[in-house]
Amino acid sequence: FFKQIKSYIFRLSTFHWNQSVEVSIFELGGLAIFLALFIIYWIGALAPEVGADALGFRIAGPSIWLREGGISALPQIIWSYGFFAGEMIYLLMMPLTGFSAAKIVQFGLAILMIASAYLKVFEPRYRKGATLLLFAFWGSTIVWWQMIWGFVDLTQVFFYFTCILSLRKWMDDHESPIWLIVAGITGATAAAIKLNGAGSLFIAEIVIVVFTIYKTRSFKKIIINSIYLGISSFLFLVPWLL
């Protein structure tokens, strides 16, 4: 297993990552499949909710809260005692979308992730080739599963992604703490949806330490940057922790 990983890393290191990719018949075919998936996912998002996860809590919980006029623990649903930031987002959308709220929200957030990656992450000269990379995300089994059943994972991925993207923005302007604060809030949101979202904050801290050492070689600066990330994420998580 580890020998195979070493082999993959070696092969990746030989790629010419800065080489521009021109439009080809394969890319045009990818765009056609991309569009077809868009239509299929949208139909799935609008279809009646049948997902066991959604009917068990993801949508059932918010529908009860909406009916009762407040958010509270539900003795018959054990998940209502945990972190449920994703369900709160669905609760806000339910008056407009009905019981398909989870799927429609996840569809919209997936589109935002694709658009932001295309516009903000990839440089203009690489965007043509990047279409195939975005298709790898949009065409994955996990994504279409999320579009058919009302899960919460793609909602979490959106905030996970936003945390990492905020770090990328901070690396472009590392003298300002604004993007570190945004990364802390969005990473904490990912954790408030599901606890494993805290992994985004762990990754963020590693990036902060490595990048700050590379740029300034200042231990004091590492502490300051880590405080911005830590305080913003902790303050957001305090209500959930309480």
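**View 1. Helix H1, out in the open.** Helix H1 covers residues 2-13, and its twelve residues stretch 17 Å from the first C-alpha to the last, close to the 16 Å you'd expect at 1.5 Å a residue. Keep in mind that this is a predicted model. How many of the twelve residues of H1 are buried? The number is zero, so H1 lies largely in the open.

**View 2. The whole protein chain, for orientation.** Along its principal axes, the C-alpha trace spans about 55 × 50 × 35 Å. Of the 242 residues in the chain, 38% are buried. Take the contacts between residues at least 6 apart in sequence: 70% of them join residues at least 24 apart.

**View 3. The largest nonpolar core.** This core holds 41 residues, and the ones with the most contacts inside it are Tyr 41, Ile 59, Tyr 90, Trp 138 and Met 147. Which helix gives the most to this core? That's helix H6 (residues 101-121), with ten residues. In soluble globular proteins, nonpolar side chains tend to be buried together.

**View 4. Zooming in on Met 147.** Met 147 is one of the residues with the most contacts inside the largest nonpolar core. Leaving aside neighbours within four places in sequence, Met 147 is in contact with Tyr 41, Gly 44, Ala 45, Lys 103, Gln 106, Phe 107, Ala 110, Trp 138 and Leu 154. Elsewhere there's a second, separate core of ten residues, with Ala 183, Ala 204, Ile 208 and Leu 229 among them.

**View 5. Where helix H10 meets helix H12.** The axes of H10 (residues 178-193) and H12 (residues 219-241) come within 8 Å and cross at roughly 35°. The crossing of H10 past H12 is right-handed. On the H10 side, the residues in contact are Leu 180, Ile 181, Ala 183, Gly 184, Ile 185, Ala 188, Thr 189, Ala 191 and Ala 192. From H12 come Asn 225, Tyr 228, Leu 229, Ser 232, Ser 233, Phe 236, Leu 237 and Trp 240. Sorted by type, the residues of this contact are twelve nonpolar, five polar and no charged.

**View 6. Thr 189, a residue of H10.** Thr 189 sits in helix H10. Is Thr 189 buried or exposed? Its relative accessibility is 8%, so Thr 189 counts as buried. Setting aside neighbours within four places in sequence, Thr 189 is in contact with Ala 85, Phe 159 and Phe 236.

**View 7. Leu 31 in helix H2.** You'll find Leu 31 in H2, which takes in residues 25-46. With 40% relative accessibility, Leu 31 counts as partly exposed, because that label applies between the 20% and 50% cut-offs. For a sense of scale, Leu 31 and Met 94 are 63 residues apart along the chain, and their C-alpha atoms are separated by 32 Å.

**View 8. Arg 217, a loop residue with a positive phi.** Where is Arg 217 found? Look in the loop between helix H11 (199-215) and H12. The phi of Arg 217 is near 55°, a positive value in a residue other than glycine. Most residues other than glycine have a negative phi. Arg 217 is also exposed, with a relative accessible area of 69%.

Technical notes
Residues numbered from 1 in each chain as written. Predicted model: local features only at pLDDT ≥ 70, side-chain atom pairs only at ≥ 80, totals over all residues. Heavy atoms only, no water. Axes fitted to C-alpha atoms, helices over the stretch in contact; angles between N-to-C directions. Helix = DSSP H or I, 4+ residues; strand = E, 2+ residues; numbered from the N terminus. Left-handed = near helix turned anticlockwise from the far one by under 90°. Contact = heavy atoms within 4.5 Å. Nonpolar A, V, L, I, M, F, W, Y, C, P; charged D, E, K, R; others polar. Buried < 20%, exposed > 50% of the residue type's maximum accessible area, 1.4 Å probe, protein only. Expected span 1.5 Å × (residues − 1). Core = buried A, V, L, I, M, F, W, Y, C linked by side-chain atoms within 4.5 Å.
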